[in-house]
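Please find below a colleague's note on the model under review.

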Amino acid sequence: EIVDGFEELKTIDKAISIFGSSRMSLNKKYYKLAEQTANLFAKSGYAVMTGAGNGIMKYANKGAKEGKGESIGLNIIIPLEQKHNKYITLPLEFKYFFVRKLMFAKYSRAFVVFPGGFGTLDELFEALALIQTRRVQPFPVVLVGSGYWAGLMDWIKKNCLKLKTIDKEDLNIFTIIDNPKKIVKFVNDYYSKEGEE
């Protein structure tokens, strides 16, 4: 799977990974935000990668495809038989979560994380841990949905920070932005500043 993944994705120069729930059917405002964000990234020359499922992932792939960008889906084979959504232009399938995570980390210029469940949180915290421990070159991590993430942010500050299980600087590893244009600008600015240094 690792070799096949590298072979399939070797032509991807820069991609944005968008994560989020496949189940959030009652709150479609995040679908629209995901679609707009992916569309703007595609129009800015980025490929968009998702976990290939429905919900937020589907709308992110839709936005990327309609923005004439590469719309990549890294599907995981699980008992629930998730099938990749119809907006994917480059589908890949993985049996092992760790291989799929490797592909997201290797080919992403940024992680954009919408509201989601355990899978989304797993991807988010894996990225934060890799950046914090300097196992990877730092990259932007953007959380979308300030209302959704507010409780988690409070918990991190009141518990992790207070008990010094993280440093204050670790809070700078990620940012919260709810506006699609500002998200794209944040990522573009990050790399333009990096190029100046």
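The numbered points below take up these topics in turn.

1. This is a predicted model, in which local features need pLDDT of at least 70 and side-chain atom pairs count only at pLDDT 80 or more, while totals for chains, interfaces and linings use all residues. Residues are numbered from 1 along each chain as its sequence is written, and side-chain values use heavy atoms, with hydrogens and water left out.

2. The chain has seven helices and seven strands, these being DSSP runs numbered from the N terminus (H or I of at least four residues for helices, E of at least two for strands). Along the sequence they follow the pattern α-β-α-β-α-β-β-α-β-α-β-α-β-α. The radius of gyration is 16 Å, close to the 16 Å that the globule rule gives for 197 residues, so the chain is as compact as a globular protein of that length; the radius is taken over C-alpha atoms, and the rule is 2.2 Å times the number of residues to the power 0.38.

3. Along its principal axes, the C-alpha trace spans about 45 × 40 × 30 Å. Of the 197 residues, 48% are buried, where buried means under 20% relative accessible area, exposed over 50% and partly exposed in between (1.4 Å probe, protein chains only). Among contacts with a separation of 6 or more, 70% join residues 24 or more positions apart, a contact being heavy atoms within 4.5 Å.

4. Helix H4 (residues 97–107) packs on helix H5 (residues 118–132) at an angle of about 55°, with the axes 11 Å apart; the axes are lines fitted to C-alpha atoms over the stretch in contact, and angles run from 0 to 180 degrees between N-to-C directions. That angle makes H4 oblique to H5, since angles under 35 degrees count as roughly parallel, over 145 as roughly antiparallel, 65 to 115 as roughly perpendicular and the rest as oblique.

5. On the H4 side, Arg100, Lys101 and Phe104 meet Asp122, Glu123 and Glu126 of H5. The residues of this contact divide into one nonpolar, no polar and five charged.

6. Asn39 lies in helix H2 (residues 29–43) and counts as buried at 14% relative accessibility. Beyond its neighbours within four places in sequence, Asn39 is in contact with Gly63, Ala64, Glu66 and Gly67.

7. Ala127, in helix H5, is buried, with a relative accessible area of 2%. Leaving aside neighbours within four places in sequence, Ala127 is in contact with Phe111 and Phe139. Ala127 and Phe139 are 12 residues apart in sequence, and 9.1 Å apart from C-alpha to C-alpha.

Conventions:
Ala, Val, Leu, Ile, Met, Phe, Trp, Tyr, Cys and Pro count as nonpolar, Asp, Glu, Lys and Arg as charged, and the others, Gly among them, as polar.
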